[in-house]
Amino acid sequence: MEVLATALVRALSAVMNIMTLMIVARALLSWVPMGVGGEFMYKLKNVLYQLTEFLIAPIRSLLSRTPLGNMPIDFSPVIALFAIQIIGSILIQVIVLVLI
């Protein structure tokens, strides 16, 4: 059981790290003007958008109903990063408690 728990924790940690990197890259690339970097940059932005939008869109929708929704900066990626860390930590603790 301990081997299974270790494997699950490592897999979950890897997924959390990959999602975190994609969201950070998406947020940073959102500040790069269109046309800079050519077709590669356009495709990279598009892929990152498609892979992260399922997580960011609901948060952005909720934020639009608050005063933060009227700000010129989109805080949904920051909240998504917090959510990934909190949910991931909870899931890791559950895995450890149940399987070890």
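**View 1. Arg-60 is partly exposed, with 30% relative accessible area.** Here, buried means under 20% relative accessible area, exposed means over 50%, and partly exposed lies in between (1.4 Å probe, protein chains only). This is a predicted model, in which local features need pLDDT of at least 70 and side-chain atom pairs count only at pLDDT 80 or more, while totals for chains, interfaces and linings use all residues. Residues are numbered from 1 along each chain as its sequence is written, and side-chain values use heavy atoms, with hydrogens and water left out. Arg-60 forms a salt bridge with Glu-53, their closest N and O atoms being 3.3 Å apart; a salt bridge is a side-chain nitrogen of Lys or Arg within 4 Å of a carboxyl oxygen of Asp or Glu. Glu-53 counts as buried, at 15% relative accessibility. Through shared partners, salt bridges join Arg-26, Glu-53, Arg-60 and Asp-74 into one network.

**View 2. Arg-26 and Glu-53 meet through their side chains in a salt bridge (2.7 Å, N to O).** The pair links distant parts of the chain, with Arg-26 in helix 1 and Glu-53 in helix 2, 27 residues apart. Helices (H or I, at least four residues) are DSSP runs, numbered from the N terminus. Both Arg-26 and Glu-53 are buried.

**View 3. Helix 1 and helix 2 have axes that come within 9 Å and cross at roughly 110°.** Helix 1 is therefore roughly perpendicular to helix 2, a label for angles of 65 to 115 degrees. Axes are lines fitted to C-alpha atoms over the stretch in contact, and angles run from 0 to 180 degrees between N-to-C directions. The residues of this contact divide into 13 nonpolar, 1 polar and 4 charged.

View 4. Glu-39 is exposed, at 57% relative accessible area, whereas Lys-43 is partly exposed, at 47%.

**View 5. The largest nonpolar core has 18 residues.** Such a core is a set of buried Ala, Val, Leu, Ile, Met, Phe, Trp, Tyr and Cys residues joined through side-chain atoms within 4.5 Å. Those with the most contacts inside this core include Leu-12, Met-16 and Ile-92. Helix 1 (2-29), helix 2 (38-63) and helix 3 (76-99) each supply at least two of its residues, and the largest share, 8 residues, comes from helix 1.

Methods
Angles under 35 degrees count as roughly parallel, over 145 as roughly antiparallel, 65 to 115 as roughly perpendicular and the rest as oblique. Ala, Val, Leu, Ile, Met, Phe, Trp, Tyr, Cys and Pro count as nonpolar, Asp, Glu, Lys and Arg as charged, and the others, Gly among them, as polar.
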